[in-house]
Amino acid sequence: GRPGDVETALVHYEESLDIARRLAGEDADNAGAASDLSLSLIKLGDFMFRRGGSNYAAAALDLYNEALDIARRLAEADPDSGERALGLSLSLEKVGCFMIWRGRHGDAEIACLRCEECLSIRRRLAEADPESADALRGLAVALHHVGDGLLQRGQPGDDETAAAHYCEGIDIARRLV
């Protein structure tokens, strides 16, 4: 919160992203380097999103979409990997939540698609490890995001479906408590 901290943080995020891009570029088959690149993109996207303003928001969305492309490629290359599935679900969640927040014409439909795909992955992960509090928490969060997207979209039946998703998420949260 000190003067200059935001600018310094931005320099560090950008430097981290440059390093991640270089490492991923040096070994295109290195899934770990690609995963690190995706994470760096998300972190810088989160930073840009928090800064506010339309220029920063546009940059955040570009970063989130680039991370999503990488995460999707990694998950498709290793479809049995829970780690890759989780990475993909996180990227889908970032894009979906951004679209809900932005709220432009057509964004709600994209938000619903991304959040529903995230939810599908989170259900699979929770079913694979039903005792995992992290997997259940992730499922509850994904249910709420889908509900938010449906409410934003506002098509016939979306309210009822959103309410069902919220209730399911609350039930999971109660079980976790």
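Q: Is C115 buried or exposed?
A: In this predicted model, the relative accessibility of C115 is 2%. A residue counts as buried when its relative accessible area is under 20%. C115 is therefore classed as buried.

Q: Is C118 buried or exposed?
A: The relative accessibility of C118 is 2%. The cut-off for a buried residue is under 20%, so C118 counts as buried.

Q: How many disulfides does a search of the whole structure find?
A: A disulfide requires two cysteine sulfur atoms within 2.5 Å. For C115, the closest cysteine sulfur belongs to C97 and lies 5.1 Å away, which is too far for a bond. For C118, the closest cysteine sulfur is that of C115, at 6.6 Å, again too far for a bond. Across the whole structure, the number of disulfides found is 0.

Q: Are helices α5 and α6 roughly parallel or roughly antiparallel?
A: Helix α5 spans residues 107–128 and helix α6 spans residues 133–153. Their axes are 8 Å apart, and the helices pack at an angle of about 160°. Angles over 145 degrees count as roughly antiparallel, so the relation of α5 to α6 is roughly antiparallel.

Q: How many residues in the contact of α5 with α6 are nonpolar?
A: On the α5 side, the contact includes C112, C115, C118 and L119. On the α6 side, it includes L136, L139, L143 and V146. The contact residues comprise 5 charged, 4 polar and, as the nonpolar group, 14.

Q: Are helices α2 and α4 roughly parallel or roughly antiparallel?
A: Helix α2 covers residues 31–51, and helix α4 covers residues 82–102. Their axes come within 11 Å and cross at roughly 20°. Because angles under 35 degrees count as roughly parallel, α2 and α4 are roughly parallel.

Q: Is the crossing of α2 and α4 left-handed or right-handed, and which residues of α4 make the contact?
A: The crossing in which α2 passes α4 is left-handed. From α2, the contact draws on residues including I42, D46 and F49. From α4, the contact is made by R84, S91, K94, F98 and W101.

Q: What is the separation between the C-alpha atoms of G157 and D36?
A: G157 is found in the loop between α6 and α7, and with a relative accessible area of 34% it is partly exposed. Along the chain, G157 and D36 are 121 residues apart. Their C-alpha atoms are separated by 40 Å.

Technical notes:
Residues are numbered from 1 along each chain as its sequence is written. This is a predicted model: local features need pLDDT of at least 70, side-chain atom pairs count only at pLDDT 80 or more; totals for chains, interfaces and linings use all residues. Side-chain values use heavy atoms; hydrogens and water are left out. Buried means under 20% relative accessible area, exposed over 50%, partly exposed in between (1.4 Å probe, protein chains only). Axes are lines fitted to C-alpha atoms, for helices over the stretch in contact, and angles run from 0 to 180 degrees between N-to-C directions. Helices (H or I, at least four residues) and strands (E, at least two) are DSSP runs, numbered from the N terminus. Angles under 35 degrees count as roughly parallel, over 145 as roughly antiparallel, 65 to 115 as roughly perpendicular and the rest as oblique. Contact means heavy atoms within 4.5 Å. Ala, Val, Leu, Ile, Met, Phe, Trp, Tyr, Cys and Pro count as nonpolar, Asp, Glu, Lys and Arg as charged, and the others, Gly among them, as polar. A crossing is left-handed if the near helix is turned anticlockwise from the far one by less than a right angle, and right-handed if clockwise.
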